[in-house]
Amino acid sequence: MNKTSGGDLVLFRNQAQAYTQATVSSMPIQTLGQPPFGQLQAGNTAQVCIKTGYVADDAVFVSKVAGGGGSYYDTDEDKKQGKLTQTGNTGMVLVFSQKTLKLNKILLDEGILTEVRTAAASVLASKLLFPSLGEGEEEDDVEAIGIVGGGVQAIWQLRFLLGITKCRRVVIKTRSEASTQNFIKRMSESVCAMDREWNISPVSPESSFRDCRLIHTLTYSRTPVLDIDDVDLSRP
């Protein structure tokens, strides 16, 4: 992947703005595996969403199938041992012609486009809320970026953050010390040069996220992951 830039987010912003206009038609989302519908074999947390939309007078319309959040027993032996396999994110994008209504292309992206979309939207929000990021030749006033969570979104959002800030210091908190170290190792040894640009360290009990003016929380947790004492509210 090439280095992202502010131009990538401008493109995404333009598309997001177009989505709010009357020229874009977005169909109601179909969701499989969640109430009031039946559960999938991947468990009660699994779901598959089917989304369809198009732009008036464009050449194509698109349907995206994206699934994830589930787990299953791969073999009978795994079931005996209680060893679950996580589904991860998966899916594809179907591209149809608006004129012939025929299928033009199948993009078997396995959910990557969804991850990129989510990361771009989050980083764009940070840029809009913090417009001074990345402006001018001097260092911007972000000393460190806080990241909560060590999954795929942490990777993609850091890649997009490269395009809006000159800060390269990251403080990270994950569910365990082991997963934090695994993430740091994964980024430092990544084949993607962008990932190796970051100086990542575990969050410390002494300073927590108080040095961070920008914090991205990327976790499925349904309980608070940060306490009021973890941040410095006196910072402008």
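**View 1. The lining of the second largest pocket draws its largest share, seven residues, from helix H1 (6-19).** The model is predicted, so local features need pLDDT of at least 70 and side-chain atom pairs count only at pLDDT 80 or more, whereas totals for chains, interfaces and linings use all residues. Residues are numbered from 1 along each chain as its sequence is written, and side-chain values use heavy atoms, with hydrogens and water left out. The second largest pocket has a volume of about 1200 Å³, and of its 32 lining residues the closest to its centre are Phe12, Gln15, Tyr19, Val62 and Arg117. A pocket here is an open set of points on a 1 Å grid where a 1.4 Å probe fits, with protein on both sides within 12 Å along at least five of seven lines, and lining residues have an atom within 4 Å of a point.

**View 2. The largest pocket has a volume of about 1500 Å³.** Gly69, Asn89, Glu115, Val152 and Tyr220 are the closest to its centre among the 40 residues that line it, and helix H3 (112-129) contributes the largest share of this lining, five residues.

**View 3. One aromatic pair is counted, for rings of Phe, Tyr and Trp (its six-membered ring) whose centres lie within 6.5 Å.** Phe61 and Phe96 are stacked (planes under 30 degrees apart), at 4.8 Å centre to centre and 5° between the planes. The pair links distant parts of the chain, with Phe61 in strand S4 (residues 60-68) and Phe96 in strand S7 (residues 90-97), 35 residues apart.

Conventions:
Rings of Phe, Tyr and Trp (its six-membered ring) pair if their centres lie within 6.5 Å; planes under 30 degrees apart count as stacked, over 60 as edge-to-face and the rest as tilted. Helices (H or I, at least four residues) and strands (E, at least two) are DSSP runs, numbered from the N terminus. Grid points are joined across faces, edges and corners, and a volume is the space filled by probe spheres set on the points.
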